[in-house]
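Here are my notes on the model below. Please read them with the structure open.

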Amino acid sequence: MTRKQQRIGDKLATQHHAAARRGFALKVFEEVDAVVDRELTMLSAKGRRSTCAKGCSHCCRQETYVPRAEAEAAVEWLQRAAPHLIADLEVRLRAWLTWYRSEYPGLVAGGIARRDAFSAHGPQCPALVDDACSIYPVRPVFCRTYHVSSPADACRPAADPAHLDVPVEVLAIAAKTTPIASTLRAFIQSQGSDFKGSVHLLAEWLIHLLEIEPEPWRTSPPPSWTR
Ligand code: SF4
């Protein structure tokens with residue numbers, strides 16, 4: 001099979017199995033939440049309490065990669081349960097894409113690490129509204145498992161005047177949920193799709209799935225895209 005045939009096959013499999021994939025992602029979210037709750041309780045009993053709370057969003061500038069299935073679950077939820085959020089989200093996604101294409105390449109070319117280009121120089125996650133996650137019920141696994149025990153101000157970018165210069169202590173929760181996240185990988189592969197190839201930045205997936213632009217992972221917009 002040629003690479004082109006493989007790509008077409010993957011695309012058809014992707015569309016055909018979308019509903020099952022979304023359902024599986026929602027199940028994974030639930031199972032991950034149960035493990036996170038259990039781990040937070042256990043760590044708290046040992047004196048390592050999470051300092052994360054609603055209203056604190058410094059970590060929502062990270063380079064957040066998600067498999068297509070997680071983003072599909074988020075978009076399906078938006079379209080079904082929160083369509084009123086979509087228009088404003090699209091505005092923020094377009095602004096994010098402008099930064100991603102105009103400033104991000106220069107930052108990385110200038111020697112700034114990719115993750116630092118996002119966390120210290122990038123816009124906030126387009127899903128963030130008034131320092132709260134607007135897609136909270138369907139936020140990615142990465143966001144569910146990221147908790148710190150250090151003071152919240154330590155998570156601010158270094159250039160922020162309120163930044164506290166102490167190490168960020170990330171609680172070791174993500175590793176505990178890896179076996180659950182791995183079931184999603186196995187499920188997607190059982191559908192005949194390439195899991196690794198389905199991983200992109202959350203914003204890229206939202207832009208693609210909301211049909212703002214078909215290939216936001218390209219460094220320039222496709223010339224034929226006129227929407
Ligand atoms: S999806 Fe929500 S929790 Fe995750 S980075 Fe974006 S705003 Fe923050």
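1. Terms and basis. Helices (H or I, at least four residues) and strands (E, at least two) are DSSP runs, numbered from the N terminus. By that count, Glu211 falls in the segment after α9. This is a predicted model: local features need pLDDT of at least 70, side-chain atom pairs count only at pLDDT 80 or more, and totals for chains, interfaces and linings use all residues. Residue numbers start from 1 along each chain as its sequence is written.

2. The core. A nonpolar core here is a set of buried Ala, Val, Leu, Ile, Met, Phe, Trp, Tyr and Cys residues joined through C-beta atoms within 7 Å. Buried means 20 or more other C-beta atoms within 10 Å of the residue's own; exposed means 12 or fewer; partly exposed is in between; C-beta atoms are placed from the backbone. The largest such core holds 36 residues. Ala71, Ala74, Leu202 and Leu206 have the most contacts inside it. At least two core residues come from each of α2 (18-45), α3 (68-81), α4 (86-102), α8 (174-190) and α9 (202-209). The top contributor is α3, with six residues. As background, nonpolar side chains tend to be buried together in soluble globular proteins.

3. Leu206. Which residues does leucine 206 touch, leaving aside its neighbours within four places in sequence? They are Ala71, Val75, Leu93 and Pro126. Contact means that the two C-beta atoms, placed from the backbone, lie within 7 Å.

4. α4 against α9. The two axes come within 10 Å and cross at roughly 125°. Axes are lines fitted to C-alpha atoms, for helices over the stretch in contact, and angles run from 0 to 180 degrees between N-to-C directions. Angles under 35 degrees count as roughly parallel, over 145 as roughly antiparallel, 65 to 115 as roughly perpendicular, and the rest as oblique. So α4 and α9 are oblique to each other. Leu93, Trp96 and Leu97 of α4 meet Ala203, Leu206 and Ile207 of α9. By class, the contact of α4 with α9 has six nonpolar, no polar and no charged residues. The classes are as follows: Ala, Val, Leu, Ile, Met, Phe, Trp, Tyr, Cys and Pro are nonpolar; Asp, Glu, Lys and Arg are charged; the others, Gly among them, are polar.

5. α2 against α3. How do these two helices lie? Their axes come within 8 Å and cross at roughly 95°. That makes α2 roughly perpendicular to α3. On the α2 side, the contact uses Ala18, Arg21, Arg22, Phe24, Ala25 and Leu26. On the α3 side are Ala69, Glu70, Glu72, Ala73 and Glu76. The class count for α2 with α3 is six nonpolar, no polar and five charged.

6. α2 against α8. The axes of α2 and α8 come within 9 Å and cross at roughly 175°. The pair is therefore roughly antiparallel. From α2, the contact includes Arg21, Phe24 and Ala25. From α8, the contact includes Lys176, Thr177 and Ile180. The residues of the α2 and α8 contact divide into 11 nonpolar, two polar and four charged.

7. Two entries deserve a look. Asp130 has a positive phi of about 50° although it is not a glycine. Asp130 sits in the loop between β2 (128-129) and β3 (132-133). Asp130 is exposed, with 7 other C-beta atoms within 10 Å. Glu211 has a positive phi of about 60°, and it is not a glycine either. Glu211 is exposed, with 10 other C-beta atoms within 10 Å.

8. Val129 is in strand β2 and is partly exposed, with 16 other C-beta atoms within 10 Å. Leaving aside neighbours within four places in sequence, Ala132 is in contact with Lys54 and Gly55.

9. Distances for a quick check. Val129 and Tyr146 are 17 residues apart in sequence and 19 Å apart in space, C-alpha to C-alpha. Ala132 and Asp160 are 28 residues apart along the chain, with their C-alpha atoms separated by 19 Å. Ser182, in helix α8, counts as exposed with 12 C-beta neighbours inside 10 Å. Ser182 and Ile112 are 70 residues apart in sequence and 31 Å apart in space, C-alpha to C-alpha.
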